[in-house]
Amino acid sequence: MNEERGRRNLVLFSLPVIVVLFYATASLHFAYTPDDTYIYLRFARNVVQGDGIAFNPGEPTYGFTSPLWLFIIAVGGKMGVDLYLAAKAIDLVFASLALIVLYLLAFEILRDVGVALCATVAFSVNAWFLRWAGSGMETSLAVLLTLVTILFCLRNEYFTAVVFAGLLTLTRPEGVFAVAVIAADLFLNSHNKQRALKMVVSLLIIYAVLMAPWLVYASAT
């Protein structure tokens with residue numbers, strides 16, 4: 001009991017410290033803003049102003065990668081937050097949440113609190129992860145959703161995993177491959193193949209329902 005309490009206290013102390021140090025480090029290059037961020041901001045401004053999903057007001061176009069990220073920024077703008085600050089601050093928040101999920105994923109695989117925390121530290125100082133955190137791009141959100149999808153897949157919570165895979169696809173198009181991974185994991189690790197096949201079909205239907213609104217709108221415009 002004391003050992004378990006010690007591990008819990010270690011996590012409760014260490015994980016916030018890791019996240020805070022990462023947040024502080026990533027914030028040092030808060031001014032780093034790639035060109036693509038300004039494309040998102042332009043689209044988001046037009047959405048907020050009622051001019052549609054367009055780079056030029058009233059001219060609908062698919063000139064961005066992530067519809068989900070665009071809508072998140074736009075929500076910040078609708079709430080009265082400066083779009084530039086909204087994009088970059090929310091980006092940092094998602095990056096910080098990704099570290100927490102990374103710990104949960106590492107512990108799910110390794111079953112060792114200390115090693116899982118070390119893995120989280122290593123991930124938090126990854127140069128590319130630090131570079132894009134706070135840039136105002138969708139990268140941190142994509143990392144977070146990828147980790148969450150894998151976590152639920154490992155826990156055999158396939159229906160939850162496919163929902164996050166859908167959100168991941170709306171963040172990065174290559175997220176569609178996560179659905180194939182989920183379906184393969186379910187089918188290959190199931191003793192009852194007939195039941196597994198029915199579940200795969202159900203997962204694909206859920207995924208299709210999640211994707212349909214955006215695909216219909218994109219095709220129509």
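Predicted model: local features only at pLDDT ≥ 70, side-chain atom pairs only at ≥ 80, totals over all residues.
Residues are numbered from 1 along each chain as its sequence is written. Local features need pLDDT of at least 70 and side-chain atom pairs count only at pLDDT 80 or more, while totals for chains, interfaces and linings use all residues; side-chain values use heavy atoms, without hydrogens and water.

**Exercise 1.** Find the residues with the most contacts inside the largest nonpolar core.

Solution. 
- Start with the term: a nonpolar core is a set of buried Ala, Val, Leu, Ile, Met, Phe, Trp, Tyr and Cys residues joined through side-chain atoms within 4.5 Å.
- Buried means under 20% relative accessible area, exposed over 50%, partly exposed in between (1.4 Å probe, protein chains only).
- The largest core has 54 residues, and F22 and I73 have the most contacts inside it.
- A second, separate core has eight residues, among them I18 and V113.

**Exercise 2.** Which residues does F22 touch, leaving aside neighbours within four places in sequence?

Solution. 
- Contact means heavy atoms within 4.5 Å.
- F22 is then in contact with A95, S96, L99, S124, F129, L130 and A133.

**Exercise 3.** Trace the salt bridges of R172 to E138 and E174.

Solution. 
- The rule: a side-chain nitrogen of Lys or Arg lies within 4 Å of a carboxyl oxygen of Asp or Glu.
- R172 pairs with E138, the closest N and O atoms being 2.7 Å apart.
- These two residues are 34 residues apart and link distant parts of the chain.
- E138 is buried at 2%, whereas R172 is partly exposed at 27%.
- R172 also bridges to E174 (3.1 Å, N to O).
- E174 is partly exposed, at 41%.

Conventions: Helix = DSSP H or I, 4+ residues; strand = E, 2+ residues; numbered from the N terminus.
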